[in-house]
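Please prepare a short briefing on the structure shown below, covering its backbone, its fold and the surroundings of its ligand.

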Amino acid sequence: MRLLRNEPLKKHTSFRIGGPADYFCIPRNMAELKDALVFARERGLGTVIIGAGTNLLVLDQGFRGVVVKLAGGLNWIRVNGGRIEVGAGVHIAKLLQVLGNKKLGGLEFLAGIPGTVGGAIVMNAGAWGKEIADYVEQVLVIDRAGRQKILKRRVLGFGYRRSRLQGSRWILAQVVLKLRKKKRGLIRRKVRENLIKRKAAQPLGIPNCGSVFKNPKGDFAGRLIQEAGCKGMRIGDAQVSAKHANFIVNLGDARARDVIKLMTSVQKKVKDRFKIRLEPEIKIMVKSPS
Ligand SMILES: Cc1cc2nc3c(=O)[nH]c(=O)nc-3n(C[C@H](O)[C@H](O)[C@H](O)COP(=O)(O)OP(=O)(O)OC[C@H]3O[C@@H](n4cnc5c(N)ncnc54)[C@H](O)[C@@H]3O)c2cc1C
C-alpha cells in the first residue's frame, strides 16, 4: 500500500477545495484497505473514507489522520445474469458502460453523476425521480477493525439522499445490484439523453460538488434559492451558480470557509423569504466513528 504524507485533498474533490491529509492512500484491493485501517488503528489515528469526492466539502485545515480514497481501487464488476457484484471504487460511468454492453438496464438515470458506486450507495444517489437504493440487494461492509459483514437492503435505512451507512462505522466495500435485461440501443439512448439534459442545466465546466442542498418536500431547492435572489451571490471565490442556483462553483481559489459562509447566507435568505430551512446535501469531511 502506498501511503502519501500531507496530500492536498483539493486534488481529490470535484470542488477543488480542501487542506492536506496527514496520511492518504488509495487501496487497490481489500487486503490493502485492511492494511490502511491497521496502520491508523495502531497509531490511534482517525480515518475517513471517500469515494471520488464529488459530494464532499473538505475543510481548509484538511484532516489529521488517514484519508482512504476508494475511487480507482476496489474496482471489480462481476456480472452473473441480472445479479452484479460491484466494488465500491468503481466509477458510475464505468459501471454504466459495462451494463450497457451486457444489456442490463435500469440505472441509466445515474448517467452524469460523477462519483463512485460506493459513494452512490452511501448517499442513495438519484435523479429524475429514481434512486439507486431500488436496485440494491445487499452490501458487503467492513469496520475499522477489519470485520466484514453482509447487510441486506432492508437494514440500510434508505431514504432521499440518505442511508444508515452515512456517518456509521461501516465502510462499504461492495454492493450487489439486481438489474433486468434491456435492449442495448435503448440503454445507450437514455444515457445520452440524460447527459444532454445535465449539460444544459448544470455548470459542469467549473469545479462544484453537485446540488448543495436537498430538495424540501414538494419543492426544489434551486427554485427557492433563485427566487430568494441568491443567484450570483459570491464570497471570496465561492459563488452561487448563475446557471443552477443549487450549485456553488469554485471560481478559482475558493476556501471551505467561503463556501460555508455562502451556504449560511443562502439558508438565511430562503428562511426569511419562504420559512423553509434548507438542509445540506453535501457532506463536510469529519472523522468517521471507529
Ligand atoms: C456535477 C455534479 C452532479 C451531481 N449530480 C448528482 C445527482 O444528480 N444526484 C445525486 O444523488 N448526486 C449528484 N451529485 C453528487 C455526487 O456525485 C453523488 O452524491 C455521488 O454518489 C457521490 O459519490 P462519491 O464517490 O464522489 O462520494 P464522496 O463525495 O467521496 O463521499 C460522499 C460521502 O459518502 C462517504 N463515502 C463514500 N464512499 C464510501 C464508502 N465506500 N464507504 C463509506 N462511506 C463512503 C464519504 O465519507 C462522504 O461522507 C453530483 C455531483 C456533481 C459534482
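**Briefing on the predicted model**

Asn-6 is found in strand β1, which covers residues 4-8, where strands (E, at least two residues) and helices (H or I, at least four) are DSSP runs numbered from the N terminus. The model is a predicted one, in which local features need pLDDT of at least 70 and side-chain atom pairs count only at pLDDT 80 or more, whereas totals for chains, interfaces and linings use all residues. Residue numbers start from 1 along each chain as its sequence is written.

- Asn-6, although not a glycine, has a positive phi of about 50°, and it counts as exposed because it has 11 C-beta neighbours inside 10 Å (exposed means 12 or fewer other C-beta atoms within 10 Å of its own, buried 20 or more, and partly exposed in between, with C-beta atoms placed from the backbone).
- Asn-124 lies in the loop between α3 and β9, and its phi is likewise positive, near 45°.
- Asn-124 counts as buried because it has 21 C-beta neighbours inside 10 Å.
- Most residues other than glycine have a negative phi.

**Overall fold**

- The protein chain contains 6 helices and 18 strands, and 41% of its 290 residues count as buried.
- The radius of gyration of the protein chain, taken over C-alpha atoms, is 19 Å, which agrees with the value near 19 Å for a compact globule of 290 residues (the globule rule is 2.2 Å times the number of residues to the power 0.38).
- Among contacts between residues at least 6 apart in sequence, 64% join residues at least 24 apart, a contact being a pair whose C-beta atoms, placed from the backbone, lie within 7 Å.

**The sheet β15-β16-β17**

- This open sheet of 3 strands has antiparallel pairing, where two strands pair if DSSP finds at least two bridges between them.
- The edge strands, each pairing on one side only, are β15 (234-235) and β17 (248-250).
- Helix α6 (residues 256-274) packs on the sheet and touches β15, β16 and β17, its direction making about 25° with that of β16 (axes are lines fitted to C-alpha atoms, for helices over the stretch in contact, and angles run from 0 to 180 degrees between N-to-C directions).

**Around the ligand**

- Of the 34 residues around the ligand, Gly-51, Gly-115, Gly-118, Gly-119 and Gly-210 come nearest, a residue being near if its C-beta atom, placed from the backbone, lies within 6 Å.
- The largest share of this shell, 5 residues, comes from α3.

How values were computed: Contact = placed C-beta atoms within 7 Å.
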